[in-house]
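Trainee: I would like to learn how to read a model of this kind, one feature at a time. Could we begin once the sequence and structure are in view?

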Amino acid sequence: MALYVHIPWCVRKCPYCDFNSHAAGAELPEEVYVDTLLADLAADLPAAHGRELVSIFFGGGTPSLFSARAFERLLDGIGRHLSFARDIEITLEANPGTFEQEKFADYRRLGINRLSIGVQSFQNAQLQALGRIHDAGEAIRAAGMARRAGFDNFNLDLMHGLPGQDLAGALADLRQAIALEPTHLSWYQLTLEPNTLFWSQPPEIPEDDLLWDIQEAGQTLLAAEGFVQYETSAYARNGRRARHNLNYWTFGDFLGIGAGAHAKLSDPHGRIRRTWKTRQPRDYLAPERRFQAGERLLEADELPFEFMMNALRLTEGVPAGLFGERTGLPLAGIAAPCAAARAAGLLENDPQRLRPTARGQLFLNDLLQYFLP
Ligand SMILES: C[S@@+](CC[C@H](N)C(=O)[O-])C[C@H]1O[C@@H](n2cnc3c(N)ncnc32)[C@H](O)[C@@H]1O
Ligand code: SF4
């Protein structure tokens with residue numbers, strides 16, 4: 001089981017971002033938020049029935065706005081309730097421009113062993129257009145600081161398909177990222193999301209042909225540099241795949257605490273429940289403390305789609321046996337849609353694995369249609 005912890009504040013809101021993130025006021029309610037997160041976790045414990053954590057992910061928003069002291073209290077509190085696997089992965093999302101060397105070193109001392117740094121681009125004009133609070137120099141320094149603080153495992157988030165970007169610009173960003181020697185790169189294509197400023201005032205983004213060229217050339221460059229693509233947007237070196245995300249993609253269980261956090265848990269009877277927490281930080285922090293905002297028990301006929309929606313994002317797919325393990329359903333129950341997807345050239349013809357073909361990766365939505373209830 002993994003644990004996701006949401007920190008919903010940023011210095012300011014980026015115009016493309018649809019995450020549950022809010023511009024921080026003059027003062028962050030750090031103490032009370034940590035207390036609330038721990039109360040939220042305590043309320044979830046009965047459903048977690050003493051299971052061990054393989055991963056904790058502090059995501060946001062911008063978790064690096066919080067002090068090391070806040071994470072110390074959090075990790076202590078979590079550790080009092082749940083046991084940690086010996087090789088637990090503990091990731092924290094950081095935004096260049098929100099930390100300094102000492103803070104990084106303190107994070108590392110607390111046992112946080114993976115950083116995910118939001119860079120987006122190394123071109124100052126792009127960073128400005130994206131409303132980022134840092135310039136390219138700060139992003140480069142952030143990677144150096146991470147390394148000096150003892151983080152030998154860190155990810156950089158980059159986006160491509162940016163306003164006015166050409167192929168050379170996108171590849172230059174990748175080359176600069178690779179030069180910083182991260183173990184992992186998340187290389188996202190910018191999407192225009194409803195409820196963002198970019199949706200109501202869309203910038204000019206590259207045409208489809210150029211997006212295609214960027215994608216292809218970027219993948220080739222990353223592969224040549226030893227970054228193995230294991231998911232739509234995720235590339236890892238030396239097997240350093242993100243365990244936290246792998247747990248999502250292999251349909252593993254996870255708890256979620258914090259404003260708007262989602263969770264997925266199987267109970268001892270094999271039923272799978274999805275839950276979500278109150279989204280607005282102010283409501284989440286309200287004295288009534290109603291953490292959970294909703295829940296849904298997944299019906300058996302929804303499980304094939306739910307499972308595939310995650311598993312088929314992985315370029316290698318998953319062992320066929322995992323389907324039964326995670327859903328409690330017989331593999332024979334999806335024999336017909338699998339055969340149809342194989343006939344359409346979207347799923348590999350391998351009885352041992354559920355794995356998308358190159359075409360299936362490209363047309364994932366078409367592939368998933370076969371598994372709809
Ligand atoms: C929660 S943020 C990462 C940490 C931190 N908030 C930051 O931005 O530096 C997660 C990542 O999602 C990506 N992202 C956010 N909105 C996106 C969009 N509309 N299209 C593509 N990627 C997006 C960005 O690369 C971002 O770094
Ligand atoms: S991209 Fe990151 S920094 Fe920007 S608003 Fe979203 S969560 Fe905050």
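Mentor: The buried residues of α1 are E30, Y33, V34, T36, L37, L38, D40, L41, D44 and A48, where buried means under 20% relative accessible area, exposed over 50% and partly exposed in between, with a 1.4 Å probe and protein chains only. This is a predicted model, in which local features need pLDDT of at least 70 and side-chain atom pairs count only at pLDDT 80 or more, whereas totals for chains, interfaces and linings use all residues. Residues are numbered from 1 along each chain as its sequence is written, chains are lettered from A and ligands numbered from 1 in the order in which they are written, and side-chain values use heavy atoms, with hydrogens and water left out.

Trainee: Why can residues three or four places apart in an α-helix point the same way?

Mentor: An α-helix has 3.6 residues a turn, so residues at that spacing point the same way. In this structure, Y33, L37 and L41 are among the buried residues of α1.

Trainee: How many residues does helix α1 have, and where does it kink?

Mentor: Helices are DSSP runs of H or I with at least four residues, strands are runs of E with at least two, and both are numbered from the N terminus. Helix α1 covers residues 30-48, which is 19 residues, and reaches 26 Å from its first C-alpha to its last, close to the 27 Å expected at 1.5 Å a residue, the expected span being 1.5 Å times one less than the number of residues. A kink of about 30 degrees lies at A42, shortly before the proline P46; the bend is the angle between axes fitted to the seven residues ending there and the seven starting there. After α1 comes H49, with a positive phi near 20 degrees.

Trainee: Which residues come nearest to ligand 1?

Mentor: A residue is near a molecule if one of its heavy atoms lies within 4 Å of it, and of the 18 residues around ligand 1, G61, Q120, R132, D157 and T191 come nearest. For polar contacts, look for pairs of N or O atoms within 3.5 Å: a polar side-chain atom of D157 lies 2.7 Å from an oxygen atom of ligand 1, and a polar backbone atom of T191 is 2.9 Å from a nitrogen atom of that ligand. Taken alone, ligand 1 exposes 560 Å², of which the protein buries 93%, with areas from the Shrake-Rupley method.

Trainee: Which residues surround ligand 2?

Mentor: Ligand 2 is surrounded by C10, K13, C14, Y16, C17, S21, G61, T62, N95 and R132.

Note on methods: Polar contact = N/O pair within 3.5 Å; in protein donor to acceptor, adjacent residues only side chain to side chain. Areas by Shrake-Rupley, 256 points an atom, 1.4 Å probe, with all protein chains shown as cover.
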